[in-house]
Amino acid sequence: MNQLNNYGVSERFFTEATLYPEYQLARVIAQYRGKYKIVTEQGEMLAEISGKLRYDTEELAQYPAVGDCVMVDIQPELAVIHRVLTRKSLFVRKAVGVSGQAQPVAANVDIVFLCMSLNQNFSLNRMERYLSIAWDSGAVPVIVLTKSDLCDDLENRLSEVSSIAFGVDILVTTSMEEDGYKELLPFISEEKTIAFIGSS
């Protein structure tokens with residue numbers, strides 16, 4: 001198995017990568033100021049974007065983000081990112097100080113778990129915002145309601161969440177039981193990239 005399969009790189013990216021035989025496929029796994037940590041078939045290394053990619057990029061959202069599959073040239077000291085492959089999903093936020101531009105946060109997420117506790121932290125409005133962010137990204141949202149052991153009226157809470165989340169799976173979990181996480185397992189598999197967002 002290719003090392004990249006362990007990092008959620010699916011067949012569609014291997015196929016697209018064949019269009020650029022002069023480069024090597026990699027995935028961005030972390031981002032620092034001006035640098036990226038990537039993983040290739042050989043393992044993890046640091047990378048920076050090429051001068052041409054920087055020059056040709058007109059919007060912040062076109063820069064690599066964590067989760068992007070990219071085509072790189074491996075240099076002795078540092079890999080160079082030449083191209084960002086076609087994304088299947090993208091989480092963005094408004095960039096600070098850049099008028100009207102969106103900054104990429106994470107790319108190519110398949111499933112996003114929207115987590116919220118069922119105690120006093122519960123907020124239907126907040127969950128609606130999470131759902132909006134998830135649908136806008138292109139990822140599939142799954143609601144995870146945590147701390148069910150602290151909820152006095154679970155049936156009512158589930159009814160409230162269902163009313164704003166038509167067609168979305170809703171999982172109820174607790175850390176008070178050893179198997180309290182098992183409802184999540186059917187959604188996690190090879191070649192899938194999972195993200196968690198939320199307040200719990």
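Here is a short tour of the chain in questions and answers.

The model is predicted, so local features need pLDDT of at least 70, side-chain atom pairs count only at pLDDT 80 or more, and totals for chains, interfaces and linings use all residues. Residues are numbered from 1 along each chain as its sequence is written, and side-chain values use heavy atoms, with hydrogens and water left out.

Visitor: How many helices and strands does the chain have?
Guide: Helices (H or I, at least four residues) and strands (E, at least two) are DSSP runs, numbered from the N terminus. By that count, the chain has 4 helices and 11 strands.

Visitor: What percentage of the residues count as buried?
Guide: Buried means under 20% relative accessible area, exposed means over 50%, and partly exposed lies in between (1.4 Å probe, protein chains only). The chain has 200 residues, and the buried share is 44%.

Visitor: Which residue in β10 stands opposite Leu 145?
Guide: Strand β9 (residues 140-146) runs parallel to β10, and 4 bridges join them. Opposite Leu 145 stands Val 172.

Visitor: How many residues lie between β4 and β5 in their hairpin?
Guide: Strand β4 (residues 69-74) pairs with β5 in the antiparallel sense, over 5 bridges. Met 71 has Arg 83 as its bridge partner in β5. The number of residues between the two strands is 4.

Visitor: How far apart are the closest N and O atoms of Lys 35 and Glu 48?
Guide: A salt bridge is a side-chain nitrogen of Lys or Arg within 4 Å of a carboxyl oxygen of Asp or Glu. Lys 35 is in strand β2 (residues 35-40) and Glu 48 is in strand β3, 13 residues apart. Their salt bridge has an N to O distance of 3.8 Å.

Visitor: Is Asp 110 buried or exposed?
Guide: Asp 110 meets Lys 88 in a salt bridge (2.9 Å, N to O). Lys 88 is partly exposed, at 29% relative accessible area. Asp 110 has 14% relative accessibility, so it counts as buried.

Visitor: Which residues is Ser 10 in contact with, leaving aside its neighbours within four places in sequence?
Guide: Ser 10 lies in the segment before α1 (11-17). With a relative accessible area of 9%, Ser 10 is buried. Its contacts are Lys 88 and Glu 191.

Visitor: In which helix do Arg 157 and Glu 160 lie?
Guide: The two form a salt bridge, with the closest N and O atoms 3.0 Å apart. They are 3 residues apart, about one turn of the helix. Both lie in helix α4.

Technical notes
Pairing = 2+ DSSP bridges. Contact = heavy atoms within 4.5 Å.
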